[in-house]
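Trainee: Please take me through this model one feature at a time. I would like the general idea before each case.

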Amino acid sequence: MAEDATRIAQAYPDRVEVRGRDLAGDLMGRLTFTEHFHLLLTGDEPTEEQRFFLDLLLVAIAEHGLMPTNVAARMTFAADPASLQGAVAAGILGAGPVILGTAGECARLLEELQARVAGGEEAATVAREAAGAIHAEGGKAPGFGHPLHRPVDPRAERILELADERGASGPHVLLARELREAVAGAWGRRLTMNVSLPLAAVLLDLGFPGPVVRSVPVLARTASLLAHLAEEREAPLGLRLAAAAEDAVRYEPPAE
């Protein structure tokens, strides 16, 4: 790509061009938003399988109740009801690996392990060595553990089920399954495989670049935040949530 150039879009007086396509004359009315998101993100229109699973994953990870991201957005909106965008931004700023998931970290790990498998090593062996190394260093295995979903995350299991049914399970899904066994062995107990690991595995098997995997949960959670803020406008909870936090935490003045 030429220096100081973009390949995404350009607006002209008589048209808008997106990835070399006429927005009004071609894309509008033909592509779904999911398909358009894929085009914007990758530069290509999705295959049927890419569209199906991108839709599936956006649905799977959009909503998870009154998580801190949604609470932060609601309280921000309560403080400034005119700033919808500010409230959405407040929620997205809290969408990190602890709250929204470790999809990006999962993708990086799977790509590293798959490079070894492609070099001739066995998937079970590289998964076992990776899990052992993470455990020995006192780390957390990305894509494992959940405070609520035990012993399984129903979203993760459904993703794997549909990947198998539709023939979309490839080497990264295989590695995810090998990691489940390897992590259980390293930790001495079964940890929940949460939604982030199969989400990353399926996207990689469908040809999505690893660095864009984290974009999927961020887009999905944006939709959820907008829903919470629409409800906040009609049935406010933000100030009550702030008051509940005040009541739940005891103030301790410094000792004299």
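Mentor: Start with burial: a residue is buried under 20% relative accessible area, exposed over 50%, and partly exposed in between, using a 1.4 Å probe and protein chains only. Helices (H or I, at least four residues) and strands (E, at least two) are DSSP runs, numbered from the N terminus. In helix α2 (residues 33–42), the buried residues are Thr34, Glu35, His36, Phe37, His38 and Leu39. This is a predicted model, where local features need pLDDT of at least 70 and side-chain atom pairs count only at pLDDT 80 or more, while totals for chains, interfaces and linings use all residues. Residues are numbered from 1 along each chain as its sequence is written, and side-chain values use heavy atoms, with hydrogens and water left out.

Trainee: What covers the buried residues of α2?

Mentor: Contact means heavy atoms within 4.5 Å. The cover includes β2 (16–18), β3 (21–22), α1 (23–27), α3 (48–62) and α11. After α2 comes Gly43, with a positive phi near 90°.

Trainee: How many residues has α11, and how far does α11 reach?

Mentor: The expected span of a helix is 1.5 Å times one less than its number of residues. Helix α11 (residues 215–234) has 20 residues and reaches 30 Å from first to last C-alpha, close to the expected 28 Å. Its buried residues include Val216, Pro217, Arg221, Leu225 and Glu232.

Trainee: How is a pair of packed helices described?

Mentor: By the angle between their axes and the distance between the axes. Axes are lines fitted to C-alpha atoms, for helices over the stretch in contact, and angles run from 0 to 180 degrees between N-to-C directions. Angles under 35 degrees count as roughly parallel, over 145 as roughly antiparallel, 65 to 115 as roughly perpendicular and the rest as oblique. The axes of α6 (residues 103–118) and α9 (residues 171–187) come within 10 Å and cross at roughly 105°, so α6 and α9 are roughly perpendicular to each other. On the α6 side, the contact is made by Leu109, Leu110, Leu113, Gln114 and Val117, and on the α9 side by Pro171, His172, Leu175, Ala176 and Leu179.

Trainee: Is Lys140 buried or exposed?

Mentor: Lys140 is exposed, at 79% relative accessible area. Lys140 sits in the loop between α7 (123–136) and α8 (154–165).

Trainee: What is the secondary structure of the protein chain?

Mentor: The chain has 12 helices and 3 strands. Of its 256 residues, 41% count as buried.
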